[in-house]
Amino acid sequence: MKPRWRKILHDLVDNRGRTLLVVLSIAVGVFSIGVIAGAYQIISRDMSASYSANKPANIELRMTDFDEDVLASIHNQRGVADAEGRRVFNVRVRVPGTEKWTTLDMVAFEDFETNAINLLTPVQGQSIPDRREVLLEQDALQHLDVSLNKLLEFQLPDGSTKTMPVVGIVQDTAAGAGDFLASPYGYISMDSLQYLGQPKLFNRALVILSEDGDDIFRIREMGAELKDTLEKSGNVVIRSRFSQTHEHPLADTVNAILGILMALGILIVFLSSSLIANTLNALLNQHLRHIGVIKLLGGQRRQVFRMYLTLIMAFALLALLIAIPLGGQGAYGLALFIAGEMNFNLLGYRIVPMALWIQILVGLLVPLIAGLVPVINGSRITVLRALSGNLAEYENGQATAAERLPWFDWMQVKLTRLLAARGIHIPRPFVISLRNTFRRKSRLALTLFTLTMGGAIFIAVFNVRVTLHDYIGQIGKYFVADVSLDFDRPYRLREVEQMAMSVDGVERVEGWQFVSGDLLDANRGVLENINVFAPPAESELVEPILVSGRWIHPSDVRKLAISEGALEYFPDLQPGDPVNLKIEGRDEVWEVVGIFKFVDREGVLAYAPYEYVSQMNNLANRSYSFRLVTSRHDRPYQDAKAEELDKYFRDQGFSVRVVEAGQASLDTAVESLDTLVVFLLIMAILTAVVGSMGLTGTMGMNVLERTREIGIMRAIGADDRAVMRTVIAEGVIIGMISFGLAVLLSLPFTYLLSTIVSLAVFQTPIDVVFTYMGYAIWLGLVLALSAIASVLPARNAARLTIREVLAYE
Amino acid sequence: MPRLAPNLDPDQAAAPAPEAMIALRGVVKTFKSAAGEFTALKGIDLVIDRGEFVSIVGKSGSGKSTLLNMVTGIDHPTQGRVVIGGTDIYTGITESQRSKWRGRNLGIVFQFFQLLPMLTLLENVMLSMDFAEMYDFDERPARALDMLKLVGLESFANKLPLLVSTGQQQLAAIARALACDPPLLVADEPTGNLDSTSAGAIIDLFEELARRGKTVVMVTHDPSLTSRTTRNIVIADGVLIGDTIRKHSGPSQKGKRTVAVPRLMSRLVRGGGFGRPPRSDE
């Protein structure tokens, strides 16, 4: 091996700490980008593949009860490849001997063996239940502490209970797809319906089209035709859902989220590149004398350039050795986590070639680009300058009359003098820390960049979390009371109110109504489902966020406030405009009085006054559904009151369908969003790790370059603590500056992240909410990180004996 | 090989005479490297009294800086003991504690001044008081300014080292060394990097300090400076080979040579203890 390459090998091996820092700096960026790129590829392929493998229905019609004949007529419709009927109803279940009831959506299959739509994947036990046996969707196990072959207790509408054993756990990739708020599912055969007090009839039709299964417009068109046909023959279609065969309903959301993560991954690469640039700059500065000697012995610029370029490539290759396998594992781990959350399967562990190439490209190019400037500068340096061994601003500087103080240093000295003139003397060791902070301005800038970005993202993620929670809370104010009380038949408002108010803690009762229909275009074609809630117009439970117009009035007739989801179909929609609706088979024209903000996943939401809708439904002064306000609004209290009201009304002979605490459904939504926030937080922590690595590197380099000064300090009386304090204070000052900058930068970051996430999840931008939490945690974290990042260099500094220091010079 | 103090048992060595500022006993320093061992100091015995102005001379590599490092606590002896102002600075004392002790008891002046470049001259002088925790916090600026006045730099107090001449930097370094009022001032080639005018001023200052009772020990290879000190020690190959004491007739006769008597001789004749032996001023 030629001596020059041996030198490079020594450079690599001798200073292991520095090599480790550079290699880790590169590896963090490569790892992040590998994880995101790999997960992106795996998820975008497997999510839809897994979804389509289970033969998802293109059209799901939620109807009133229907029989085999109606199902056959759907099947015979032109363009329909297959149709199956299900009966879906919700029921309360619990493990016998326990108190907690959980609401399950029970799905009754006509024939599990010939089932060809929305297939179930066996997970454990049987995949076909016999009569009076139940299968559970695997997600249900998170809500119910039950295991295979154990009994579940079912509560029937009349209050009586029945038990059935859980004979199998299955996965239903179609269950809850597209609905964050879906209840867990259970599956039985039609033969078990009577046992649970249900008629042996269908109420849901699942349809697969013979062609155009990925053409959403064709699917909608077919859905409208089917609905039309069914309604003409006297059936009632309450709601319809449309899905493409090869696209998971949440694909857009997941891809948008992965897009954000990808952006953060790229940012981490940028941050790590600044870290690399910093370290390589310092390395070249330390090697100036070597370069001087090489040149003195006849080494040419390009030879020096090649040597250090080889060193950078060696760093890069070492980083790739670490980052590629970890990145592959991380990508699959992340994909597995998302698949678990979204309830789909992966096609197995694999290395994603594209992610691999991206990692190699990033791992080689980024250090090369980051190191190019220092290497070019280093190789260009003259022998004289190289042998003098310093590129620093004024360190070691011998004064000349012509030399002038940089303005920033001049300012610092002036400031200290001004303070001193007013009797304020800053301790000199702290002055050293303060002024040292600003000595290597380009290094400081790069360190601050990484640390600030990490901090800003960290803070922004907390703000985004609160923003999302706040929005869920706002959404809750559209239809969530402390307790929702639903019956299987309508009851008089006054009767329910009197009874409910007799329960301690109930303060107010409202009867609500509900009507669903279709939103039509100008040609009477079906655009989307529309669900019209009808609370009392003066209800205090609904706190809408109006975008334009007004809220509903008691005297409104065929007037509604509509969610801004309608703007997707009518971009110019204004209050006062008419909209065509099809309600219970009738085409009607309603007037829009206001437009409000709301998440639209299950169609367009609208509000009309109870006063009008109850008359329209021939249910004046009566209702199926009641909303109750209690004296306290916390989840445990709501749960307790729901339980009490449930028992009370059942004991009084009411046909109770379900009683639910308002906070319960919100908590489910919040949990789903928190999963997303966790991803963002992981990325934020990664950026913070890169930032603190940058700070550690900077402090290490600073200490190394100031070894002589540390020696002087020791010579004039600085003990270990004094030396360590000076170094740590410098780290903490950098941390504090970065905190200040992060606070500023977190504002645009919060708005940007909130907007992107809310557009991905809710299809609408939402109002940003700020929380002190992120700021406080980051402040603590950055102080701790900067102190920790400085401790090792500080200890090294304190360990130096003065002789070593002078020898260093 | 001449030695400056006779071999004595350790008990005697541990009790130097109270007037001794520096007492080295059997100091050996061996450096180990991949190339092998190298002994820079070969059993040095040396006593320097309070108020002496001593120059240590020798060729490059003779061990003079290593000897100075032993006195200042900058390096560790491989063997032997070093007692400064009554304190054994290498026994039962950590590096960190030694730094603190040094700040309070010793002023060091380096060849390259070693002022901290980010601090003004005033702040550099105050820094040693901060580290040594000497004087009240509010008293330190005024004292630092007094030190700078002593060396004639009060008008440069708020300048950074970069903006003053090398001579002024060295004067500031002396002011810093004096800030905690240490009884001992140690200088390593203090004029090696200065022009003759600046060098003269520095030596004048050292003489003045010695007259005020400070002990000044200076390493130099400039023969013209040795004539200004009251005692001249010569070191070669890690061994003290000469020790000359000069008697100055007074401040007006500054720089005039007096008759020097090899100190070695007097000590051998008298066989004094490890503490300061009676001085021969013939």
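Of the 282 residues of chain B, 52% count as buried, a residue being buried if 20 or more other C-beta atoms, placed from the backbone, lie within 10 Å of its own. The structure is a predicted model, in which local features need pLDDT of at least 70, side-chain atom pairs count only at pLDDT 80 or more, and totals for chains, interfaces and linings use all residues. Residues are numbered from 1 along each chain as its sequence is written, while chains are lettered from A and ligands numbered from 1 in the order in which they are written.

**Chain B**
- Chain B has nine helices and eleven strands, taken as DSSP runs numbered from the N terminus (helices H or I, at least four residues; strands E, at least two).

**Side of chain A that touches chain B**
- The contact takes 33 residues from chain A and 36 residues from chain B, with C-beta atoms within 7 Å as the criterion.
- Helix 11 of chain A supplies the largest share of the chain A side, six residues.
- By class, this side holds 16 nonpolar, six polar and eleven charged residues (Ala, Val, Leu, Ile, Met, Phe, Trp, Tyr, Cys and Pro are nonpolar; Asp, Glu, Lys and Arg are charged; the others, Gly among them, are polar).

**Helix 11 of chain A and helix 4 of chain B**
- Arg428(A), Pro429(A) and Val431(A) in helix 11 of chain A meet Glu123(B), Met126(B), Leu127(B) and Asp130(B) in helix 4 of chain B.
- The residues of this helix contact comprise four nonpolar, no polar and three charged.

Technical notes:
Two residues are in contact if their C-beta atoms, placed from the backbone, lie within 7 Å. A residue is buried if 20 or more other C-beta atoms lie within 10 Å of its own, exposed if 12 or fewer, and partly exposed in between; C-beta atoms are placed from the backbone.
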